[in-house]
Structure formats: structure tokens, C-alpha cells
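Please look over the structure shown here before reading on.

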Amino acid sequence: MNYYLDVVKKYAVFSGRARRKEYWMFFLINFVISIVLSIIELTAGISPFLSLIYGLAVLLPSIGVGVRRLHDTDRSGWWLLIGLVPLVGFIILLVFTCLEGQRHDNKYGPDPKAGGY
């Protein structure tokens, strides 16, 4: 849960680097919260208002952690836009986010693993 809260605290931080664990834990917790909200909406018979509000609330933190994850692999945050290409873009972005980050400092900052984080 700390990884999720750390990403939310860095609400619109697009500089620096994010480890794989930080990115994927945020993704997992975000996914679980979205599923729970959808189940609540379906059982209550209400429109997807809660899911929409939650999705908008985590939009900037999601983009921010995605950019920082790409920075960890020494890629520009603009690579997130490749996700807009149907299917192929998603696969490429998935591979980039699964790759291990550089073990040394790069132009986006110091290695986040070196700091014990």
C-alpha cells in the first residue's frame, strides 16, 4: 500500500525514476480498487459514477508513474504515447515497463534501487 500512496503523493511528478515494483504495485492496487468500485456499482444498480471519479482522480498519478518508469529504462516519457497505437503499442509499452531499470545513474536521475527504496 505504501507504493500506492507514494505514487499518489507524487501526484504530478514527471521527473525522476520509478522502480518496477513501485509501478506494478500501483497498477495492481489501482486495478483492485477499480474492480471493487465496479462491483459496488453493479450490485447497487447505479451508474458508473464512482469509477469515473476514481479514474479521473488517478489519471495524473498514473501518467506520472508511467513516465518515471520509462525514465528508469532510459526512455523518454513521450514513449507513453505509443500506447495509443492499437495492440502493438500496448505490447511495446508492456515490454518497456517490464524491463529492469538501469543499474547506474542516467539522464533522468539516480538509480532508485541504489537508495534502498
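**Pockets and a helix pair**

The largest pocket has a volume of about 220 Å³. This is a predicted model, in which local features need pLDDT of at least 70, side-chain atom pairs count only at pLDDT 80 or more, and totals for chains, interfaces and linings use all residues. Residues are numbered from 1 along each chain as its sequence is written, and side-chain values use heavy atoms, with hydrogens and water left out.

Q: What makes Ile-33 of H2 and Tyr-54 of H3 part of a contact?
A: Contact means heavy atoms within 4.5 Å, and the residues that make the contact include Ile-33 and Leu-37 of H2 and Phe-49 and Tyr-54 of H3.

Q: Why are H2 and H3 called roughly antiparallel rather than roughly parallel?
A: The axes of helix H2 (residues 20-44) and helix H3 (residues 49-57) come within 8 Å and cross at roughly 160 degrees. Angles under 35 degrees count as roughly parallel, over 145 as roughly antiparallel, 65 to 115 as roughly perpendicular and the rest as oblique, and H2 and H3 are therefore roughly antiparallel to each other.

Q: How many residues of each class are in the lining of the largest pocket?
A: The lining has 7 nonpolar, 2 polar and no charged residues, where Ala, Val, Leu, Ile, Met, Phe, Trp, Tyr, Cys and Pro count as nonpolar, Asp, Glu, Lys and Arg as charged, and the others, Gly among them, as polar. Among the lining residues are Trp-24, Gly-83 and Thr-97, and the largest share, 4 residues, comes from H5.

Terms used. Axes fitted to C-alpha atoms, helices over the stretch in contact; angles between N-to-C directions. Helix = DSSP H or I, 4+ residues; strand = E, 2+ residues; numbered from the N terminus. 1 Å grid on protein atoms, 1.4 Å probe; cavity = no way out; pocket = protein on both sides within 12 Å on 5 of 7 lines; lining within 4 Å. Points joined across faces, edges and corners; volume = space filled by probe spheres on them.
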